[in-house]
Amino acid sequence: MLNILVCVKQVPDVDLVKMDPVTGSLIREGVPAILNPLDGNAMEAAVRVKEQYGATITAITMGPPAAEAVLRECLSVGADRAVLITDRAFKDADTLATSYVVAKAAEEFGPYDLIFCGKETLDGATGQMGAQLAERFGSALVTSASRILEIDEAADTLVTEREMETGIETVQARIPCLFTIEKTNYQPRIPNFKGKKAARFAEIVTRTASTIPGLDPSRIGAVGSGTIVPRTYPPERGESGVMIDEGSAERNGAKIVEILAETGLI
Amino acid sequence: MKEFNSVSPEIAAQLAAVVGERRFYMGDRVREDYTHDEMPIYGKHMPECVCEVESTEEVSAILKICNDNRIPVTPRGAGTSLTGACVPLHGGVVVCTERMNKILGYDLDNMAVHVQPGVLLQDLAADAEAHGLMYPPDPGSKTSTVGGNVATNAGGMRAVKYGVTRDYVLALTVVLASGEVMHLGKTVCKTSTGYSLLHLMVGSEGTLGIITEMTLKLVPQPGMNVSVLLPFFDMETCIATVPKIKMANLDPQSIEFMGADIVESSSSFSGKKIFPTVVNKKDVGASILVTFVGETEDELYEKMEKLDALGQTCGAIDTLVVDTPTLKKEVWTARSAFLTAIESDTKYMDELDVVVPVDKIASYLMFVHDVGEEYGLTVRNFGHAGDGNLHIYACSNDLEFDEFWRRNKLLMQRCYTECARIGGQLSGEHGIGHAKKEYLEESVGEVPLRMMQAIKAVFDPNGILNPGKVVS
Amino acid sequence: MEKSAYKNMWVYIEHDGKRAHPVGLELCCEVRKLCDVTGDKLVAVLVEGLPEEELAKIRACGIDQLLVVSGTGYEAYSNDAYSNLFTVLCRKYNPSAVFVGGTINGRDFAPRFAARLNTGCTSDATELVYNPESGDIEFIEPAVGGKMMAVITVPVLRPQVGTIRPGTFRYEPTGEKPAVEVLHETVDFPVADIRTKLLGFVPDDADADLDLANTDVIVCLGNGLSGPDKLPKYRELAALLGGKIACTRPLFDRGILPFKLQIGQSGVMVKPKLYIGFGISGAINHTAGFAGSGLSIAVNTDPEAPIFGAVDYGIVGDMDEVCDAMLAALKAR
């Protein structure tokens, strides 16, 4: 039976994040924290593999205690085990430190045949976690995977499609393999009540900096990060362009066409 | 038919003096928008002029001028009606309330809000929520004005639990055709104080007076909500479950149903398969979406548990839980876009907004589908299963308009006759306007119609208010 | 780690044996400016096999060195061979920074070799600034869905690795330097150790409408679009103007237009001669996607929409009405 790891993240619904016009800081209050959408696609891909080939799925996340909500989502649609990595010591970790910690914590339930990540997150959007986790696990990597075509457990190989800029690649990869999943073919299913109910009070394995065996404290959190964010600032709103107001949509539209003609664009 | 006068330059000057030149539009300055509502298929009609009003006084002055000069007046909010109700059939003056969009104040102790009629439903909903309150009526068009909602007694999905717009109107300021201003109702919980003119105004579609201020009832914002999707093999089994859900004392906020065809349109429209077409390897023919509100998760789980058990005995394939922010957003965005999805793949369409007894939903839908087949029209439907209000669309992509319209008229007549026969009513929430006028008598009966006409004559003896609509 | 021991800035030139991917050239032009400030050498790194006329284009971007790699394992792209290649090269040469075009394959291997080298990796910066005090490059990019700008640095570790989206910077060659040094390296990666194998490639339907990179006129649609039923008029407008339609992320999310038409930091970066945005609020991650366009115009109902701060001309009004009016005016000409 395949052993599968699904790596997920709880993110703020960035579309609803607003910026305080005075302080320039982000207002996250009242913004729902959600399962990163592409991680939902990754979870769906894992569940479909489980349905077809049989598998044990471990879902893992790193975040504040409240992040267990996204793990329960994973449990409700087919994860067998959920691991929450939470500790203030992991704060301000970039992908370098996060991939190290996640891989270390996941070892306990490994080794894994397949590892699923979303292609990127809604908030950080670096898209680096998949590649860096693959490095930590020493696995093959298929990024932007859009469809898993077949898994040959006997030969330890699988075939998958990859959504490229100009077309679809078909790629054969060796197991163990890490995928970063595209949303195209893996719309997350709606969980059923039975799954929700079971997930509601299911045990969540919680790991902290002191309960992950062999963790090197110099490689976690801000200290273990390669990148830092020394400052942020509100996007500058440029000088407003010339506002066209000729009194009606008809005249405004005609005015644009006039401007285009004057500038030689038509 | 009453004889009306047109807007002469002198009258135009008087009207312009009331609202000021900037808010007075005549001739070329009148936008094409004013010639139709969201069902342009019922015909376009140009007003002679448009007055964007800002106060009760202005409306009063305009109505006085128009009444004295026998000039038709059509009140208009955001123009989202579906029956031609805000279309100026006889030209004349359009009184547009869109600028009267202020929320005037809250009476938090009595849970009431005082608003102008041009406030958009979505703005009132959001503002009430910010006050920890909820305005329960939620008709589909969130960009409609609350004044328009009151004028049509709009419903919406939450009607199953909370009732319709009428149930939330505490007081109104109304300008009569004569220009007289009338205050109806008070911020009280009940009343037995003479004939309820207040309730006569609600749903009168601008034929008895123009609403210029409203006091609306609010309820505390529920702490949380969850939606549950029950997929079924076919529509009959699906609909048969609805009365049982209502009997189970689960107090759902809404019960919506959707057929497989709508789900397909919706997913090809949005590019996302939100509502499943296959569940547990079984094809889904129809689904119902039940929404519960509550204060604690335990409370909601208890209701879901009961619904799950009920679903199993009623033949539901599974019980799917929509409770994460993402799923809720996706499911309700898809549900709200059903009509747009139909419109996007349809050339011509007309709609029914009938309301039938809940136990007759399935058989009535079957009837309409059969009639549609007979006339070569595609019938699409979805709607509020919980209250029997059905939105059924007769569509065609390949007929020429005249032929579509001829067949559509035959279909509509048959469907309305059947609706009356099984104890239903012509309109659940969209109103009569002019599009459904010819079917009104069959739905309500001859004597009631005569009473309605008599009432109209008392309120508006010259027939200047929204002529050609409802009973005039 | 002694940062001063790490010198020179590298740009990886991705190519298919016939042509260099434009992003490599764009990066050479931009990183040239950084090197002029820091005194580092600009090194273009590529696997052998690019024709001379393409190499000339790279030289024209003002590079100081060309590092040409040969060896086994590079015939087709693979994560294993390329991650190894850059690990080996970086360990030998100690570059201060490595820039990789943010193509799907660039984003596939850059974070991996960065992790193997235990260094920091940034992605999708839209601006690069050298900070002489710290000696670090500031990678500046829109963050949290464009609600704010974030400055990201690699303060301790080296090399500073960054992937940059194609189209972010302009290809403006400053001219070939008199003496471009050419270095050759051989790094063999055993073919048998490559764990992924390309079995096939099916190009997307040759839909020219989906290729925004070289389009002069873009009619871009935002979340203000009420539904797909309104698309035809904008397609018509784009056609009349000799251009193509594009969209912002919400329209892609709504499934109305494909990802390849999404303009912005996480989509396609464009610089057309004319950009007209309809119903777009103008989050920075979108506006960064068309910065540097010729003429830009926006139509939005909200006079406060940030988009108006990013364009040359603005109209407050209903997008469909303005589009209709433009169609009428264009047809009347």
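Two residues are taken to be in contact if their C-beta atoms, placed from the backbone, lie within 7 Å. The model discussed here is predicted. By that criterion, the contact between chain C and chain B takes five residues from chain C and seven residues from chain B.

**Contact with chain B**
- On the side of chain C that touches chain B, one residue is nonpolar, two are polar and two are charged.

**Domains of chain C**
- The domain assignment divides chain C into domain 1 (3–193) and domain 2 (208–332).
- The centres of domain 1 of chain C and domain 2 of chain C, taken over C-alpha atoms, are separated by 32 Å.
- Domain 1 of chain C contributes 12 residues to the contact between the two, and domain 2 of chain C contributes 13 residues.
- The side of domain 1 of chain C that touches domain 2 of chain C comprises three nonpolar, five polar and four charged residues.

**A sheet with strands from chains A and C**
- Four strands form an open sheet in the order 14(A)-8(C)-7(C)-6(C), with antiparallel pairing.
- Strand 14 (228–233) of chain A and strand 6 (127–131) of chain C stand at the edges, each with a single partner strand, so one side of each has no neighbour in the sheet.
- From one strand to the next, the twist averages 30°.

**Strand pairing and helix packing in chain C**
- Strand 7 (residues 136–143) of chain C runs antiparallel to strand 8 (residues 148–153) of chain C, and five bridges join them.
- Opposite I140(C) stands V151(C), in strand 8 of chain C.
- Helix 1 (residues 22–38) of chain C lies across strand 6 and strand 7 of chain C, and runs at about 10° to strand 6 of chain C.

Terms used:
Residues are numbered from 1 along each chain as its sequence is written. Chains are lettered from A and ligands numbered from 1 in the order in which they are written. This is a predicted model: local features need pLDDT of at least 70, side-chain atom pairs count only at pLDDT 80 or more; totals for chains, interfaces and linings use all residues. Domain bounds come from an automatic or database domain assignment. Ala, Val, Leu, Ile, Met, Phe, Trp, Tyr, Cys and Pro count as nonpolar, Asp, Glu, Lys and Arg as charged, and the others, Gly among them, as polar. Two strands pair if DSSP finds at least two bridges between them. Helices (H or I, at least four residues) and strands (E, at least two) are DSSP runs, numbered from the N terminus. Axes are lines fitted to C-alpha atoms, for helices over the stretch in contact, and angles run from 0 to 180 degrees between N-to-C directions.
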